[in-house]
There are 2 protein chains.
Amino acid sequence: MKNVATNVHWHSGDITRTDRAKLLGQLGATLWFTGLSGSGKSTIAVALEKALAQHNKLSYRLDGDNIRLGINNNLGFSAEDRTENIRRVGEISKLLVDAGVIVLSSFISPYSADRDAVRKLHKESDMPFIEIFVDCPLSAAEDRDPKGLYKKARAGEIKQFTGIDAPYEAPSNPELHLHSDSQSLETEVALIMDFLTERGLLTLQHQAVED
Amino acid sequence: MKNVATNVHWHSGDITRTDRAKLLGQLGATLWFTGLSGSGKSTIAVALEKALAQHNKLSYRLDGDNIRLGINNNLGFSAEDRTENIRRVGEISKLLVDAGVIVLSSFISPYSADRDAVRKLHKESDMPFIEIFVDCPLSAAEDRDPKGLYKKARAGEIKQFTGIDAPYEAPSNPELHLHSDSQSLETEVALIMDFLTERGLLTLQHQAVED
C-alpha cells in the first residue's frame, strides 16, 4: 500500500486569483476541445490563440502532443492510461486557470466520464470550464487524416485508435458545438470569441495590485 | 507492456513564447526552493509572490500542499514516488514558464538527481531555472515545526520524513543560497529580487502582439 499524503492542505497565501486576474486584465478559463483525431481541434486552438493574443489576452495550448512528450510520457493509450492522461491534463488546466491563463486544451478525450471529472474539478473551485465539441463525421476526419494515423490504424499498425477500434463518446451538453466539416475556421473562431465575450471573459482591464 | 506514444511531436503553433513574454511584459522562469520541512520555503515564496505582484509581475506558487492534493494525489512518500512527484512538478513548472509565468516551486525535493533532472528539462528548452537553497539547520527547523510534523516523525507516526528517517541532499551549486535561521524574510526577498533584476528577468515591458 502506498503511504499517501493525508496531512496536507491547500496553501492560500496572500496573493489571490482575483489579484492575478486584475494584474493580467483577464479571467482564466479552460476551453476544452474534444473530438476525433483529425476533427480540427488543434487547428482551431492555434487560430483562437492568435485571435486572443490580438485582443491582448494570454492563452496557452495544451495538446496530446506536448503533454504526451512531457508530463505524460509514462502513459499509453489503454482505457486506464487515457483516463489518467485526461485527469492530469485537467489538474494542469486548473493550475493554469488559477494562475490566470486562458487554457486551450485539445485532446480527443473520448470518454464522457473523464471530461465530466475535469468539469467537476473546475466547478468545485469556481473556475470556468467550457466544453467545445469539434464535431466531424468519422469519414471526413479519416479523409483528412493529417498525420496518416487512420491509415495506420486501418492497417492494424496502431491499436486502440479512437473511432476505429476504440470508442468516442460525444458530449451530450457541450457549451459550444462546432461542425468542422461544414464551418470555416474563421466561423469557428468567431463563434468561440462571441461566446467568451458574452460570458464576460474578455472584458476585464489591467489593474495594478495595491500594497 | 504499455502502448506508449511514439508518433507524437511538439506542436509549435503560431504564437510563440516570445509573443507571450511581450504580451505579459515578463519572461517566465522557475524559481525552485529546496530545503527541509520548516526551513521557510513557502513563507519566502508567499512574500516573494507579493513583492513580484507589486512590480506588476505574474507569479504562481506550486507547493507540496496544492500539488499533492491535486495532480499528485496518487503519489506517496517512497523514494520512487518522491522522484515521480518532482518529475511531474518539473514538467508543470516548464509548462507554466512556457506560458510566461514566474513559477515559485517550493518542495523539500531532497534528492539532487531529481532537482538536476528538472534543471536539465528547463535548460533543454532554454528556460531559466533558478535553484534557491533555503538552508536551515535541522535543529532550527525542528524547533519551529510549524505543522507539528517533526514531532509526529520523532514519535514514529510519520515514516520516511526528510531529516529524520529519510535523507536530504543539499545542493552543491545553487543559484542562491539563503540562510533562513539568520536572515530576515525581508533580506531573503530582497536577495531574490536583486538576483532576478541582475538576470534581466524583471525589466521587460508590455508590448502588443503584432498582426
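The structure shown is a predicted model.

**View 1. The open sheet of chain A.** Five strands of chain A, in the order S2-S3-S1-S4-S5, form an open sheet with parallel pairing. Its edges are strand S2 (59-63) and strand S5 (176-179), each of which pairs on one side only. On average, neighbouring strands of the sheet are turned by 20° against each other, direction ignored.

**View 2. Strands S1 and S3 of chain A, with helix H5.** Strand S1 (residues 29-34) and strand S3 (residues 102-106) of chain A are paired in the parallel sense over 5 bridges. Within this pair, A:Trp32 stands opposite A:Ser105 in S3(A). Helix H5 (residues 112-124) of chain A lies across S1 and strand S4 (129-135), and runs at about 155° to S4(A).

**View 3. The largest nonpolar core.** This core has 92 residues, and A:Leu96 and B:Leu96 have the most contacts inside it. Beyond its neighbours within four places in sequence, A:Leu96 is in contact with residues of chain A, including A:Tyr60 and A:Val103, and with B:Leu96 and B:Ala99.

**View 4. Helix H8 of chain B.** Helix H8 (residues 185-198) of chain B spans 20 Å from its first C-alpha to its last. B:Glu188, B:Val189, B:Ile192 and B:Leu196 are buried in H8(B). These buried residues line one face of the helix, because they fall within an arc of 95° seen down its axis. Among the elements covering them are helix H2 (41-54) and strand S4 (129-135) of chain B. On the other side of H8(B), the exposed residues include B:Glu186 and B:Asp194. After H8(B) comes B:Gly200, with a positive phi near 75°.

Definitions and conventions: Residues numbered from 1 in each chain as written. Chains lettered and ligands numbered in written order. Predicted model: local features only at pLDDT ≥ 70, side-chain atom pairs only at ≥ 80, totals over all residues. Pairing = 2+ DSSP bridges. Helix = DSSP H or I, 4+ residues; strand = E, 2+ residues; numbered from the N terminus. Axes fitted to C-alpha atoms, helices over the stretch in contact; angles between N-to-C directions. Contact = placed C-beta atoms within 7 Å. Core = buried A, V, L, I, M, F, W, Y, C linked by C-beta atoms within 7 Å. Buried ≥ 20, exposed ≤ 12 C-beta atoms within 10 Å, placed from the backbone. Expected span 1.5 Å × (residues − 1). Arc of directions from axis to C-beta.
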